[in-house]
Number of protein chains: 2
Amino acid sequence: MGNPLDIGKIQNGNEETEASPSPSRRRESREKRREQLIKATIESLAVRGYAATTLADVSDGAKLSRGIVNFHFDSKDNLLLETLQFMSDEYQENWKARYAAAPSDTAHKLTALITADLDRKICTPHTVAAWFALMAEAKSRPAYQKLVWERDTKYRGRLTEYCRKAKDEAGYTFDPENVTAAIYAMQEGLWLRLMLSGRKYKRTDALKIAMEMLGTIFPKHFDADGRPLTKTPMRKPGRKT
Amino acid sequence: MGNPLDIGKIQNGNEETEASPSPSRRRESREKRREQLIKATIESLAVRGYAATTLADVSDGAKLSRGIVNFHFDSKDNLLLETLQFMSDEYQENWKARYAAAPSDTAHKLTALITADLDRKICTPHTVAAWFALMAEAKSRPAYQKLVWERDTKYRGRLTEYCRKAKDEAGYTFDPENVTAAIYAMQEGLWLRLMLSGRKYKRTDALKIAMEMLGTIFPKHFDADGRPLTKTPMRKPGRKT
DNA sequence: CGCGCTACTGAACAGCCATTCAATAAAACT
DNA sequence: AGTTTTATTGAATGGCTGTTCAGTAGCGCG
(Lines give C-alpha, C1' and ligand atoms only; values in the text may rest on other atoms or scores of the structure.)
Protein backbone atom coordinates (compact mmCIF):
# COMPACT_ATOMS: atom_id res chain seq x y z
CA MET A 1 0.00 0.00 0.00
CA GLY A 2 1.53 3.21 -1.06
CA ASN A 3 2.31 2.97 -4.75
CA PRO A 4 1.50 6.20 -6.51
CA LEU A 5 -1.14 4.88 -8.92
CA ASP A 6 0.32 6.67 -11.89
CA ILE A 7 -2.32 8.57 -13.80
CA GLY A 8 -0.25 11.64 -14.42
CA LYS A 9 -0.88 11.38 -18.11
CA ILE A 10 -4.60 11.16 -18.18
CA GLN A 11 -6.17 9.73 -21.26
CA ASN A 12 -8.15 12.80 -22.13
CA GLY A 13 -10.45 10.98 -24.49
CA ASN A 14 -11.89 14.27 -25.69
CA GLU A 15 -11.05 15.76 -29.03
CA GLU A 16 -8.15 17.70 -27.56
CA THR A 17 -5.84 16.72 -30.39
CA GLU A 18 -4.41 20.19 -30.64
CA ALA A 19 -0.61 19.88 -30.73
CA SER A 20 0.17 20.90 -27.18
CA PRO A 21 2.80 23.66 -27.43
CA SER A 22 5.37 22.23 -25.08
CA PRO A 23 5.12 18.80 -23.51
CA SER A 24 7.10 19.92 -20.48
CA ARG A 25 4.56 22.55 -19.63
CA ARG A 26 4.07 22.67 -15.94
CA ARG A 27 1.32 25.16 -15.73
CA GLU A 28 -2.05 23.98 -16.76
CA SER A 29 -5.38 25.67 -16.95
CA ARG A 30 -7.34 25.72 -13.78
CA GLU A 31 -10.04 23.39 -15.07
CA LYS A 32 -7.66 20.78 -16.39
CA ARG A 33 -5.83 20.55 -13.11
CA ARG A 34 -8.98 20.29 -11.12
CA GLU A 35 -10.26 17.49 -13.28
CA GLN A 36 -6.93 15.73 -13.12
CA LEU A 37 -6.98 15.89 -9.35
CA ILE A 38 -10.55 14.70 -9.19
CA LYS A 39 -9.70 11.71 -11.33
CA ALA A 40 -6.78 10.90 -9.11
CA THR A 41 -9.16 11.13 -6.15
CA ILE A 42 -11.61 8.70 -7.73
CA GLU A 43 -8.74 6.35 -8.43
CA SER A 44 -7.56 6.44 -4.86
CA LEU A 45 -11.04 6.11 -3.41
CA ALA A 46 -11.55 3.01 -5.50
CA VAL A 47 -8.22 1.41 -4.71
CA ARG A 48 -7.63 2.47 -1.12
CA GLY A 49 -11.09 3.32 0.11
CA TYR A 50 -12.37 6.44 1.76
CA ALA A 51 -10.60 6.16 5.06
CA ALA A 52 -7.19 5.40 3.61
CA THR A 53 -7.23 8.08 0.93
CA THR A 54 -4.83 10.87 1.85
CA LEU A 55 -3.98 14.07 0.07
CA ALA A 56 -0.52 12.67 -0.46
CA ASP A 57 -2.09 9.79 -2.39
CA VAL A 58 -3.99 12.19 -4.58
CA SER A 59 -1.07 14.46 -5.34
CA ASP A 60 1.25 11.52 -5.91
CA GLY A 61 -1.34 9.94 -8.18
CA ALA A 62 -1.45 13.14 -10.22
CA LYS A 63 2.34 13.39 -10.11
CA LEU A 64 2.20 16.77 -8.46
CA SER A 65 3.38 18.19 -5.22
CA ARG A 66 1.93 18.00 -1.75
CA GLY A 67 0.31 21.38 -1.44
CA ILE A 68 -1.48 21.17 -4.78
CA VAL A 69 -4.85 20.02 -3.52
CA ASN A 70 -5.21 22.75 -0.95
CA PHE A 71 -4.26 25.22 -3.63
CA HIS A 72 -6.98 24.11 -6.01
CA PHE A 73 -9.65 22.91 -3.61
CA ASP A 74 -8.90 24.65 -0.32
CA SER A 75 -9.47 21.54 1.75
CA LYS A 76 -9.70 17.79 1.56
CA ASP A 77 -13.36 17.95 2.48
CA ASN A 78 -14.01 20.21 -0.43
CA LEU A 79 -12.06 18.01 -2.80
CA LEU A 80 -14.21 15.05 -1.85
CA LEU A 81 -17.39 17.07 -2.20
CA GLU A 82 -16.41 18.31 -5.63
CA THR A 83 -15.48 14.80 -6.63
CA LEU A 84 -18.97 13.70 -5.73
CA GLN A 85 -20.40 16.62 -7.65
CA PHE A 86 -18.28 15.69 -10.65
CA MET A 87 -19.48 12.11 -10.66
CA SER A 88 -23.05 13.21 -10.15
CA ASP A 89 -22.85 15.58 -13.12
CA GLU A 90 -21.26 12.96 -15.30
CA TYR A 91 -24.01 10.53 -14.37
CA GLN A 92 -26.79 12.95 -15.18
CA GLU A 93 -25.33 14.12 -18.44
CA ASN A 94 -25.03 10.53 -19.50
CA TRP A 95 -28.60 9.43 -18.92
CA LYS A 96 -30.05 12.66 -20.22
CA ALA A 97 -28.17 12.29 -23.48
CA ARG A 98 -29.21 8.67 -23.85
CA TYR A 99 -32.76 9.48 -22.97
CA ALA A 100 -32.91 12.29 -25.51
CA ALA A 101 -31.44 10.13 -28.25
CA ALA A 102 -33.90 7.28 -27.75
CA PRO A 103 -36.98 6.78 -29.94
CA SER A 104 -40.00 8.32 -28.35
CA ASP A 105 -41.97 5.17 -27.57
CA THR A 106 -42.23 4.08 -23.98
CA ALA A 107 -40.27 0.86 -24.32
CA HIS A 108 -37.26 2.59 -25.84
CA LYS A 109 -37.30 5.43 -23.36
CA LEU A 110 -37.37 2.96 -20.52
CA THR A 111 -34.56 1.01 -22.12
CA ALA A 112 -32.52 4.18 -22.45
CA LEU A 113 -32.98 5.05 -18.79
CA ILE A 114 -32.07 1.59 -17.60
CA THR A 115 -29.10 1.02 -19.85
CA ALA A 116 -27.70 4.48 -19.15
CA ASP A 117 -27.06 3.42 -15.58
CA LEU A 118 -24.92 0.57 -16.78
CA ASP A 119 -23.20 2.45 -19.55
CA ARG A 120 -19.54 1.80 -20.15
CA LYS A 121 -18.75 5.45 -19.58
CA ILE A 122 -19.99 5.75 -16.04
CA CYS A 123 -20.10 2.21 -14.83
CA THR A 124 -16.44 1.36 -14.50
CA PRO A 125 -15.26 -0.57 -11.45
CA HIS A 126 -13.37 2.49 -10.24
CA THR A 127 -16.24 4.91 -10.62
CA VAL A 128 -18.69 2.64 -8.89
CA ALA A 129 -16.31 1.93 -6.02
CA ALA A 130 -15.63 5.62 -5.54
CA TRP A 131 -19.32 6.35 -5.68
CA PHE A 132 -20.10 3.92 -2.88
CA ALA A 133 -17.15 5.12 -0.85
CA LEU A 134 -18.62 8.59 -0.84
CA MET A 135 -22.22 7.52 -0.57
CA ALA A 136 -21.53 5.46 2.52
CA GLU A 137 -20.47 8.66 4.22
CA ALA A 138 -23.60 10.49 3.12
CA LYS A 139 -25.50 9.60 6.25
CA SER A 140 -23.08 11.60 8.35
CA ARG A 141 -22.48 14.36 5.80
CA PRO A 142 -25.49 16.47 4.93
CA ALA A 143 -23.73 17.99 1.92
CA TYR A 144 -23.19 14.55 0.41
CA GLN A 145 -26.68 13.48 1.22
CA LYS A 146 -28.13 16.49 -0.52
CA LEU A 147 -26.16 15.86 -3.70
CA VAL A 148 -27.01 12.18 -3.82
CA TRP A 149 -30.64 12.84 -3.10
CA GLU A 150 -30.92 15.39 -5.88
CA ARG A 151 -29.30 13.06 -8.36
CA ASP A 152 -31.72 10.33 -7.36
CA THR A 153 -34.78 12.51 -7.50
CA LYS A 154 -34.27 13.71 -11.05
CA TYR A 155 -33.63 10.28 -12.45
CA ARG A 156 -36.42 8.64 -10.55
CA GLY A 157 -38.86 11.30 -11.56
CA ARG A 158 -38.27 10.50 -15.18
CA LEU A 159 -38.46 6.79 -14.52
CA THR A 160 -41.78 7.15 -12.74
CA GLU A 161 -43.14 9.12 -15.65
CA TYR A 162 -42.52 6.24 -17.99
CA CYS A 163 -43.69 3.54 -15.62
CA ARG A 164 -46.94 5.44 -15.42
CA LYS A 165 -47.09 5.84 -19.18
CA ALA A 166 -46.50 2.13 -19.64
CA LYS A 167 -49.28 1.37 -17.24
CA ASP A 168 -51.68 3.63 -19.12
CA GLU A 169 -50.74 2.06 -22.42
CA ALA A 170 -51.01 -1.56 -21.46
CA GLY A 171 -53.22 -1.58 -18.41
CA TYR A 172 -50.78 -3.06 -15.95
CA THR A 173 -52.05 -3.33 -12.42
CA PHE A 174 -48.96 -2.28 -10.53
CA ASP A 175 -48.48 0.93 -8.62
CA PRO A 176 -46.07 3.07 -10.70
CA GLU A 177 -44.33 4.61 -7.72
CA ASN A 178 -43.61 1.24 -6.21
CA VAL A 179 -42.39 -0.24 -9.45
CA THR A 180 -40.11 2.73 -9.95
CA ALA A 181 -38.70 2.29 -6.48
CA ALA A 182 -38.17 -1.40 -7.13
CA ILE A 183 -36.41 -0.85 -10.46
CA TYR A 184 -34.24 1.88 -9.12
CA ALA A 185 -33.30 -0.18 -6.08
CA MET A 186 -32.37 -3.02 -8.37
CA GLN A 187 -30.11 -0.73 -10.37
CA GLU A 188 -28.25 0.40 -7.29
CA GLY A 189 -28.02 -3.13 -6.05
CA LEU A 190 -26.49 -4.19 -9.35
CA TRP A 191 -23.92 -1.45 -8.98
CA LEU A 192 -23.10 -2.69 -5.54
CA ARG A 193 -22.63 -6.21 -6.80
CA LEU A 194 -20.46 -4.99 -9.60
CA MET A 195 -18.25 -3.30 -7.04
CA LEU A 196 -18.11 -6.17 -4.60
CA SER A 197 -17.61 -9.02 -6.97
CA GLY A 198 -14.38 -7.85 -8.53
CA ARG A 199 -14.18 -9.58 -11.86
CA LYS A 200 -16.78 -12.27 -11.30
CA TYR A 201 -19.61 -10.15 -12.66
CA LYS A 202 -19.36 -7.90 -15.63
CA ARG A 203 -21.27 -4.85 -16.65
CA THR A 204 -22.88 -6.82 -19.45
CA ASP A 205 -24.20 -9.43 -17.03
CA ALA A 206 -25.85 -6.72 -14.99
CA LEU A 207 -27.30 -5.28 -18.15
CA LYS A 208 -28.83 -8.60 -19.04
CA ILE A 209 -30.35 -9.01 -15.60
CA ALA A 210 -31.83 -5.53 -15.71
CA MET A 211 -33.33 -5.95 -19.16
CA GLU A 212 -34.80 -9.33 -18.38
CA MET A 213 -36.47 -7.75 -15.38
CA LEU A 214 -37.96 -5.08 -17.62
CA GLY A 215 -39.38 -7.87 -19.72
CA THR A 216 -40.96 -9.41 -16.65
CA ILE A 217 -42.43 -6.18 -15.34
CA PHE A 218 -43.66 -4.81 -18.66
CA PRO A 219 -44.56 -7.94 -20.65
CA LYS A 220 -46.59 -5.95 -23.18
CA HIS A 221 -43.66 -3.67 -23.96
CA PHE A 222 -40.76 -6.11 -23.98
CA ASP A 223 -40.21 -9.70 -24.94
CA ALA A 224 -38.95 -12.18 -22.37
CA ASP A 225 -35.34 -11.27 -23.01
CA GLY A 226 -36.01 -7.61 -22.53
CA ARG A 227 -36.07 -6.51 -26.16
CA PRO A 228 -38.39 -3.56 -26.75
CA LEU A 229 -41.49 -4.45 -28.75
CA THR A 230 -42.20 -1.62 -31.13
CA LYS A 231 -44.29 -3.29 -33.81
CA THR A 232 -47.56 -2.24 -32.25
CA PRO A 233 -47.61 1.49 -31.51
CA MET A 234 -49.90 0.55 -28.68
CA ARG A 235 -52.93 2.63 -27.91
CA LYS A 236 -55.27 2.14 -25.08
CA PRO A 237 -56.41 -1.48 -25.40
CA GLY A 238 -55.52 -1.61 -29.12
CA ARG A 239 -55.97 -4.87 -30.91
CA LYS A 240 -52.80 -6.66 -31.79
CA THR A 241 -51.27 -8.15 -35.02
CA MET B 1 -19.18 16.55 16.54
CA GLY B 2 -17.86 14.81 19.58
CA ASN B 3 -20.73 14.02 21.89
CA PRO B 4 -20.29 10.61 23.42
CA LEU B 5 -23.45 8.94 22.04
CA ASP B 6 -24.38 7.46 25.33
CA ILE B 7 -25.14 3.81 25.02
CA GLY B 8 -23.45 2.77 28.19
CA LYS B 9 -26.60 1.10 29.33
CA ILE B 10 -27.37 -1.10 26.40
CA GLN B 11 -30.91 -2.28 26.06
CA ASN B 12 -30.08 -5.94 26.21
CA GLY B 13 -33.37 -7.07 24.77
CA ASN B 14 -32.53 -10.68 25.56
CA GLU B 15 -34.00 -12.55 28.46
CA GLU B 16 -31.10 -11.53 30.67
CA THR B 17 -33.41 -10.47 33.46
CA GLU B 18 -31.21 -12.00 36.13
CA ALA B 19 -30.83 -9.44 38.91
CA SER B 20 -27.35 -8.19 38.24
CA PRO B 21 -25.50 -8.59 41.56
CA SER B 22 -24.09 -5.10 41.86
CA PRO B 23 -24.94 -2.25 39.54
CA SER B 24 -21.55 -0.66 40.05
CA ARG B 25 -19.75 -3.70 38.81
CA ARG B 26 -16.86 -2.70 36.66
CA ARG B 27 -15.69 -6.05 35.60
CA GLU B 28 -17.79 -7.81 33.07
CA SER B 29 -17.52 -11.09 31.32
CA ARG B 30 -15.40 -11.04 28.22
CA GLU B 31 -18.30 -11.68 25.88
CA LYS B 32 -20.50 -8.95 27.31
CA ARG B 33 -17.80 -6.35 26.96
CA ARG B 34 -17.01 -7.33 23.43
CA GLU B 35 -20.62 -7.09 22.41
CA GLN B 36 -20.98 -3.78 24.16
CA LEU B 37 -18.01 -2.41 22.30
CA ILE B 38 -19.26 -3.75 18.99
CA LYS B 39 -22.60 -2.05 19.52
CA ALA B 40 -20.85 1.20 20.30
CA THR B 41 -18.88 0.75 17.10
CA ILE B 42 -22.02 0.26 15.04
CA GLU B 43 -23.49 3.35 16.63
CA SER B 44 -20.49 5.44 15.78
CA LEU B 45 -20.20 4.10 12.25
CA ALA B 46 -23.81 5.05 11.67
CA VAL B 47 -23.58 8.51 13.17
CA ARG B 48 -20.10 9.59 12.24
CA GLY B 49 -19.23 7.37 9.32
CA TYR B 50 -16.27 5.11 8.79
CA ALA B 51 -13.57 7.71 8.38
CA ALA B 52 -14.56 9.75 11.40
CA THR B 53 -14.96 6.84 13.79
CA THR B 54 -12.09 6.78 16.27
CA LEU B 55 -11.33 4.44 19.11
CA ALA B 56 -11.99 7.32 21.45
CA ASP B 57 -15.52 7.53 20.06
CA VAL B 58 -16.08 3.86 20.66
CA SER B 59 -14.74 3.83 24.20
CA ASP B 60 -16.59 7.03 25.07
CA GLY B 61 -19.78 5.59 23.60
CA ALA B 62 -19.38 2.54 25.80
CA LYS B 63 -18.48 4.75 28.77
CA LEU B 64 -15.16 3.03 29.20
CA SER B 65 -11.56 4.08 29.06
CA ARG B 66 -9.29 4.70 26.13
CA GLY B 67 -7.29 1.53 26.11
CA ILE B 68 -10.29 -0.78 26.34
CA VAL B 69 -10.62 -1.58 22.66
CA ASN B 70 -7.02 -2.62 22.23
CA PHE B 71 -7.40 -4.73 25.33
CA HIS B 72 -10.38 -6.65 23.98
CA PHE B 73 -9.76 -6.53 20.25
CA ASP B 74 -6.02 -5.93 19.87
CA SER B 75 -6.44 -3.35 17.12
CA LYS B 76 -8.94 -1.02 15.52
CA ASP B 77 -8.80 -3.02 12.33
CA ASN B 78 -9.76 -6.13 14.19
CA LEU B 79 -12.60 -4.36 15.99
CA LEU B 80 -14.05 -3.30 12.67
CA LEU B 81 -13.66 -6.76 11.22
CA GLU B 82 -15.36 -8.38 14.19
CA THR B 83 -18.12 -5.82 13.98
CA LEU B 84 -18.73 -6.85 10.40
CA GLN B 85 -18.66 -10.49 11.45
CA PHE B 86 -21.17 -9.74 14.20
CA MET B 87 -23.59 -8.07 11.83
CA SER B 88 -23.15 -10.80 9.29
CA ASP B 89 -23.94 -13.47 11.87
CA GLU B 90 -26.97 -11.60 13.12
CA TYR B 91 -28.22 -11.27 9.56
CA GLN B 92 -27.84 -14.94 8.80
CA GLU B 93 -29.39 -16.15 12.02
CA ASN B 94 -32.37 -13.97 11.33
CA TRP B 95 -33.20 -15.17 7.86
CA LYS B 96 -32.47 -18.78 8.68
CA ALA B 97 -34.89 -18.67 11.59
CA ARG B 98 -37.59 -17.01 9.51
CA TYR B 99 -37.02 -19.40 6.69
CA ALA B 100 -37.27 -22.42 8.95
CA ALA B 101 -40.46 -21.15 10.57
CA ALA B 102 -42.26 -20.51 7.28
CA PRO B 103 -44.78 -22.96 5.78
CA SER B 104 -43.15 -25.24 3.29
CA ASP B 105 -44.80 -24.00 0.11
CA THR B 106 -42.76 -21.97 -2.31
CA ALA B 107 -44.64 -18.72 -1.93
CA HIS B 108 -44.25 -18.65 1.82
CA LYS B 109 -40.60 -19.61 1.73
CA LEU B 110 -39.94 -16.82 -0.73
CA THR B 111 -41.87 -14.42 1.44
CA ALA B 112 -39.84 -15.45 4.45
CA LEU B 113 -36.57 -14.84 2.65
CA ILE B 114 -37.63 -11.45 1.37
CA THR B 115 -39.18 -10.16 4.55
CA ALA B 116 -36.28 -11.36 6.65
CA ASP B 117 -34.07 -8.81 4.95
CA LEU B 118 -36.37 -6.03 6.05
CA ASP B 119 -37.04 -7.38 9.50
CA ARG B 120 -37.27 -4.90 12.32
CA LYS B 121 -34.45 -6.69 14.14
CA ILE B 122 -31.75 -6.22 11.56
CA CYS B 123 -33.01 -3.39 9.45
CA THR B 124 -32.62 -0.43 11.75
CA PRO B 125 -31.23 2.82 10.37
CA HIS B 126 -28.09 2.38 12.44
CA THR B 127 -27.43 -1.17 11.41
CA VAL B 128 -27.92 -0.43 7.75
CA ALA B 129 -25.74 2.65 7.84
CA ALA B 130 -22.97 0.76 9.62
CA TRP B 131 -23.28 -2.06 7.15
CA PHE B 132 -22.75 0.21 4.18
CA ALA B 133 -19.95 2.05 5.91
CA LEU B 134 -18.06 -1.22 6.18
CA MET B 135 -19.16 -2.60 2.83
CA ALA B 136 -17.91 0.47 1.00
CA GLU B 137 -14.45 -0.39 2.25
CA ALA B 138 -14.74 -3.97 1.13
CA LYS B 139 -13.20 -3.28 -2.26
CA SER B 140 -9.93 -2.30 -0.63
CA ARG B 141 -10.08 -4.83 2.20
CA PRO B 142 -9.98 -8.46 1.20
CA ALA B 143 -11.04 -9.61 4.65
CA TYR B 144 -14.23 -7.55 4.46
CA GLN B 145 -14.89 -8.66 0.94
CA LYS B 146 -14.63 -12.28 1.90
CA LEU B 147 -17.10 -11.91 4.75
CA VAL B 148 -19.62 -9.98 2.68
CA TRP B 149 -19.31 -12.37 -0.20
CA GLU B 150 -19.92 -15.39 1.99
CA ARG B 151 -22.97 -13.82 3.53
CA ASP B 152 -24.31 -13.06 0.08
CA THR B 153 -23.62 -16.48 -1.32
CA LYS B 154 -25.51 -18.39 1.33
CA TYR B 155 -28.59 -16.25 1.13
CA ARG B 156 -28.63 -16.07 -2.62
CA GLY B 157 -28.18 -19.79 -2.93
CA ARG B 158 -31.36 -20.35 -1.01
CA LEU B 159 -33.16 -17.68 -2.98
CA THR B 160 -32.14 -19.25 -6.27
CA GLU B 161 -33.40 -22.60 -5.07
CA TYR B 162 -36.88 -21.20 -4.60
CA CYS B 163 -36.92 -19.16 -7.77
CA ARG B 164 -36.14 -22.35 -9.58
CA LYS B 165 -38.81 -24.22 -7.68
CA ALA B 166 -41.35 -21.54 -8.52
CA LYS B 167 -40.44 -21.78 -12.17
CA ASP B 168 -40.91 -25.53 -12.14
CA GLU B 169 -44.26 -25.24 -10.43
CA ALA B 170 -45.78 -22.55 -12.61
CA GLY B 171 -43.85 -22.67 -15.83
CA TYR B 172 -42.45 -19.17 -15.76
CA THR B 173 -40.10 -18.36 -18.59
CA PHE B 174 -37.47 -16.39 -16.70
CA ASP B 175 -33.94 -17.50 -15.97
CA PRO B 176 -33.84 -18.32 -12.24
CA GLU B 177 -30.29 -17.09 -11.76
CA ASN B 178 -31.08 -13.76 -13.30
CA VAL B 179 -34.27 -13.31 -11.35
CA THR B 180 -32.43 -14.12 -8.16
CA ALA B 181 -29.80 -11.54 -8.97
CA ALA B 182 -32.47 -8.98 -9.71
CA ILE B 183 -34.38 -9.61 -6.51
CA TYR B 184 -31.29 -9.59 -4.40
CA ALA B 185 -30.07 -6.41 -6.02
CA MET B 186 -33.42 -4.83 -5.31
CA GLN B 187 -33.14 -5.79 -1.67
CA GLU B 188 -29.76 -4.16 -1.31
CA GLY B 189 -30.95 -1.12 -3.16
CA LEU B 190 -33.87 -0.81 -0.78
CA TRP B 191 -31.43 -0.93 2.12
CA LEU B 192 -29.42 1.80 0.54
CA ARG B 193 -32.46 3.96 0.11
CA LEU B 194 -33.49 3.35 3.67
CA MET B 195 -30.11 4.58 4.77
CA LEU B 196 -29.98 7.61 2.51
CA SER B 197 -33.47 8.88 2.91
CA GLY B 198 -33.40 9.44 6.63
CA ARG B 199 -37.02 9.44 7.73
CA LYS B 200 -38.67 9.87 4.36
CA TYR B 201 -38.88 6.14 3.72
CA LYS B 202 -39.74 3.59 6.30
CA ARG B 203 -38.98 -0.06 6.57
CA THR B 204 -42.63 -0.87 5.95
CA ASP B 205 -42.60 1.06 2.67
CA ALA B 206 -39.64 -0.96 1.49
CA LEU B 207 -41.44 -4.11 2.53
CA LYS B 208 -44.44 -3.17 0.46
CA ILE B 209 -42.30 -2.44 -2.59
CA ALA B 210 -40.51 -5.75 -2.27
CA MET B 211 -43.68 -7.78 -1.87
CA GLU B 212 -45.40 -6.09 -4.75
CA MET B 213 -42.43 -6.96 -6.91
CA LEU B 214 -42.75 -10.59 -5.85
CA GLY B 215 -46.34 -10.44 -7.04
CA THR B 216 -45.19 -9.12 -10.40
CA ILE B 217 -42.44 -11.66 -10.88
CA PHE B 218 -44.37 -14.71 -9.62
CA PRO B 219 -47.97 -13.96 -10.60
CA LYS B 220 -49.05 -17.56 -10.12
CA HIS B 221 -47.74 -17.62 -6.56
CA PHE B 222 -48.76 -14.19 -5.29
CA ASP B 223 -51.62 -11.80 -5.84
CA ALA B 224 -50.96 -8.30 -7.15
CA ASP B 225 -50.26 -6.96 -3.67
CA GLY B 226 -47.74 -9.67 -2.96
CA ARG B 227 -49.89 -11.90 -0.79
CA PRO B 228 -48.93 -15.58 -1.08
CA LEU B 229 -51.54 -17.67 -2.86
CA THR B 230 -51.77 -21.05 -1.23
CA LYS B 231 -55.17 -22.28 -2.31
CA THR B 232 -53.97 -24.16 -5.36
CA PRO B 233 -51.17 -26.59 -4.51
CA MET B 234 -49.91 -26.00 -8.04
CA ARG B 235 -48.57 -28.81 -10.19
CA LYS B 236 -46.74 -28.63 -13.44
CA PRO B 237 -48.86 -26.82 -16.05
CA GLY B 238 -52.13 -27.60 -14.25
CA ARG B 239 -55.28 -26.18 -15.79
CA LYS B 240 -56.76 -23.28 -13.93
CA THR B 241 -60.15 -22.58 -12.32
C1' DC C 1 -6.80 -11.65 55.43
C1' DG C 2 -3.52 -11.85 51.97
C1' DC C 3 -2.50 -13.24 47.47
C1' DG C 4 -2.75 -13.54 43.02
C1' DC C 5 -5.41 -12.81 38.81
C1' DT C 6 -7.58 -10.47 35.44
C1' DA C 7 -10.16 -6.60 33.69
C1' DC C 8 -9.42 -2.09 33.22
C1' DT C 9 -7.39 2.68 33.24
C1' DG C 10 -5.26 6.79 31.32
C1' DA C 11 -1.02 9.14 30.57
C1' DA C 12 2.70 8.93 27.33
C1' DC C 13 4.34 8.25 22.78
C1' DA C 14 5.24 7.98 18.09
C1' DG C 15 3.59 8.35 13.57
C1' DC C 16 0.71 10.23 10.29
C1' DC C 17 -1.67 13.70 7.86
C1' DA C 18 -4.12 18.11 6.53
C1' DT C 19 -2.86 22.60 6.24
C1' DT C 20 0.14 26.67 5.85
C1' DC C 21 3.32 29.56 3.67
C1' DA C 22 7.51 31.54 2.06
C1' DA C 23 10.04 30.72 -1.98
C1' DT C 24 10.16 29.79 -6.89
C1' DA C 25 9.17 29.56 -11.58
C1' DA C 26 6.43 29.92 -15.50
C1' DA C 27 3.28 32.68 -18.14
C1' DA C 28 1.02 37.21 -19.25
C1' DC C 29 1.17 41.74 -19.82
C1' DT C 30 3.15 46.46 -20.57
C1' DA D 1 13.14 43.54 -20.63
C1' DG D 2 10.79 44.32 -16.61
C1' DT D 3 6.83 43.75 -13.87
C1' DT D 4 2.84 41.53 -12.34
C1' DT D 5 0.15 37.65 -11.93
C1' DT D 6 -0.59 33.04 -11.28
C1' DA D 7 0.51 28.22 -10.57
C1' DT D 8 3.34 25.23 -8.07
C1' DT D 9 6.49 23.48 -4.75
C1' DG D 10 7.99 21.17 -0.48
C1' DA D 11 9.49 21.82 4.09
C1' DA D 12 7.59 23.02 8.53
C1' DT D 13 3.83 22.77 11.82
C1' DG D 14 0.53 21.30 14.90
C1' DG D 15 -3.18 18.43 15.93
C1' DC D 16 -5.13 14.04 16.10
C1' DT D 17 -5.19 9.04 16.74
C1' DG D 18 -3.84 4.15 17.37
C1' DT D 19 -1.07 1.71 20.37
C1' DT D 20 1.59 0.71 24.48
C1' DC D 21 2.31 -0.18 29.16
C1' DA D 22 3.02 0.57 33.93
C1' DG D 23 -0.06 0.97 37.33
C1' DT D 24 -4.83 0.24 39.73
C1' DA D 25 -8.77 -1.98 41.44
C1' DG D 26 -12.30 -5.33 41.76
C1' DC D 27 -12.83 -10.37 42.49
C1' DG D 28 -12.22 -15.18 43.94
C1' DC D 29 -9.63 -18.49 46.40
C1' DG D 30 -7.16 -20.49 49.99
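Colleague: How does α5(A) pass α9(A), in a left-handed or a right-handed crossing?
Modeller: Both are helices, that is, DSSP runs of H or I with at least four residues, numbered from the N terminus. With the near helix turned clockwise from the far one by less than a right angle, α5(A) passes α9(A) in a crossing that is right-handed.

Colleague: Before we go on, where do the labels and values come from?
Modeller: This is a predicted model, where local features need pLDDT of at least 70, side-chain atom pairs pLDDT 80 or more, and totals for chains, interfaces and linings use all residues, while side-chain values use heavy atoms, without hydrogens and water. Chains are lettered from A and ligands numbered from 1 as written, and residues along each chain's sequence are numbered from 1.

Colleague: At what angle do helix α5 and helix α9 of chain A pack?
Modeller: Helix α5 covers residues 106–117 and helix α9 residues 203–217, with axes (lines fitted to C-alpha atoms over the stretch in contact) 10 Å apart. Their packing angle, on a scale from 0 to 180 degrees between N-to-C directions, is about 150°. Angles over 145 degrees count as roughly antiparallel, so α5(A) is roughly antiparallel to α9(A). The angle asked for is about 150°.

Colleague: How many charged residues are in the contact of α5(A) with α9(A)?
Modeller: Contact here means heavy atoms within 4.5 Å. Leu110(A), Thr111(A), Ile114(A) and Thr115(A) of α5(A) touch Leu207(A), Ala210(A), Met211(A) and Leu214(A) of α9(A). By class, that gives six nonpolar, two polar and, for charged residues, no charged.

Colleague: How are α1(B) and α4(B) oriented to each other?
Modeller: Helix α1 (residues 30–48) and helix α4 (residues 76–101) of chain B pack at about 90°, with their axes 10 Å apart. The range 65 to 115 degrees is what we call roughly perpendicular. So α1(B) and α4(B) are roughly perpendicular.

Colleague: How many charged residues are in that contact of α1(B) with α4(B)?
Modeller: α1(B) brings Arg34(B), Glu35(B), Ile38(B), Lys39(B), Thr41(B) and Ile42(B), and α4(B) brings Leu79(B), Leu80(B), Glu82(B), Thr83(B), Phe86(B) and Met87(B). Sorted by class, the contact of α1(B) with α4(B) has six nonpolar and two polar residues, and the charged ones number four.

Colleague: What axis relates chain B to chain A?
Modeller: Chain B can be laid on chain A by a turn of 180° and a shift of 0.0 Å along the axis, with an RMSD of 0.1 Å. That relation is therefore a two-fold axis.

Colleague: Which residue of chain B comes closest to the rotation axis?
Modeller: We go by C-alpha here, and the distance to the rotation axis is 1.9 Å. The residue of chain B that comes closest is Met186(B).

Colleague: How much area do chain B and chain A bury between them?
Modeller: The contact takes 49 residues from chain B and 49 residues from chain A. Of the area they bury, 66% is on carbon and sulfur atoms. In chain B, the residues losing the most are Lys139(B), Trp149(B) and Leu196(B), together 17% of what that side buries. Counting accessible area (1.4 Å probe) lost on being put together, summed over both, the answer is about 4,000 Å².

Definitions and conventions
Helices (H or I, at least four residues) and strands (E, at least two) are DSSP runs, numbered from the N terminus. Angles under 35 degrees count as roughly parallel, over 145 as roughly antiparallel, 65 to 115 as roughly perpendicular and the rest as oblique. Ala, Val, Leu, Ile, Met, Phe, Trp, Tyr, Cys and Pro count as nonpolar, Asp, Glu, Lys and Arg as charged, and the others, Gly among them, as polar. Copies are superposed by least squares on the C-alpha atoms of residues with pLDDT of at least 70 in both. Buried area is the accessible area (1.4 Å probe) that two parts lose on being put together, summed over both.
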